[in-house]
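Subject: Structure handover and notes on its helix packing

Dear colleague,

I am handing over the structure below, together with some notes on what was found in it. Please read the notes with the coordinates open beside them.

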Amino acid sequence: MDNRKLTSIFEITGSVLAMVYALLIASNTGNETIGFTLLLISASLFSAWALIDHRWTFLLLQVFYAASAIIGLSRWA
């Protein structure tokens with residue numbers, strides 16, 4: 001699989017997971033653990049995309065999101 005196809009998969013999947021995460025957290029329905037897990041997966045996919053495309057600032061942002069997800073999981077799990 002070429003890099004362009006791989007980054008498209010990471011981009012689309014990461015975006016969908018981030019949207020579901022935001023809705024779960026905003027809904028305040030007790031789904032925080034699932035939401036923060038989705039955020040961690042999304043940040044991981046975006047990190048892979050950033051590494052492939054050499055987008056270092058974007059990678060740094062994903063490290064922040066992953067850390068936020070880990071903090072959320074530790075507080076809500």
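A crossing of two helices is called left-handed if the near helix is turned anticlockwise from the far one by less than a right angle, and right-handed if it is turned clockwise. In this model, which is a predicted one, α1 passes α2 in a left-handed crossing. The two helices pack at an angle of about 155 degrees, and their axes lie 8 Å apart. Because angles over 145 degrees count as roughly antiparallel, α1 is described as roughly antiparallel to α2. Sorted by class, the residues in the contact of α1 with α2 are 18 nonpolar, seven polar and three charged.

The second pairing to look at is that of α2 with helix α3, which covers residues 56–76. Here the axes come within 8 Å and cross at roughly 160 degrees, which makes α2 roughly antiparallel to α3. The crossing in which α2 passes α3 is left-handed. On the α2 side the contact is made by E32, T33, F36, T37, L39, L40, A43, F46, S47, W49, A50 and L51, while α3 brings W56, F58, L59, Q62, Y65, A66, S68, A69, I70, G72, L73 and W76. Divided by class, the residues of this contact are 17 nonpolar, six polar and one charged.

One residue of that contact can be followed further. L73 is found in helix α3, and, at 18% relative accessibility, L73 counts as buried. Leaving aside neighbours within four places in sequence, L73 is in contact with T33, F36, T37 and L40. L73 and F10, by comparison, are separated by 63 residues in sequence and by 22 Å in space, C-alpha to C-alpha.

F10 leads on to the nonpolar core. The largest such core has seven residues, namely F10, L17, L24, L38, L45, F46 and W49. The elements that give two or more residues to this core are α1, residues 3–27, and α2, residues 32–53, and the largest share, four residues, comes from α2.

With kind regards

Definitions and conventions. Residues are numbered from 1 along each chain as its sequence is written. This is a predicted model: local features need pLDDT of at least 70, side-chain atom pairs count only at pLDDT 80 or more; totals for chains, interfaces and linings use all residues. Side-chain values use heavy atoms; hydrogens and water are left out. A nonpolar core is a set of buried Ala, Val, Leu, Ile, Met, Phe, Trp, Tyr and Cys residues joined through side-chain atoms within 4.5 Å. Buried means under 20% relative accessible area, exposed over 50%, partly exposed in between (1.4 Å probe, protein chains only). Axes are lines fitted to C-alpha atoms, for helices over the stretch in contact, and angles run from 0 to 180 degrees between N-to-C directions. Angles under 35 degrees count as roughly parallel, over 145 as roughly antiparallel, 65 to 115 as roughly perpendicular and the rest as oblique. Contact means heavy atoms within 4.5 Å. Ala, Val, Leu, Ile, Met, Phe, Trp, Tyr, Cys and Pro count as nonpolar, Asp, Glu, Lys and Arg as charged, and the others, Gly among them, as polar.
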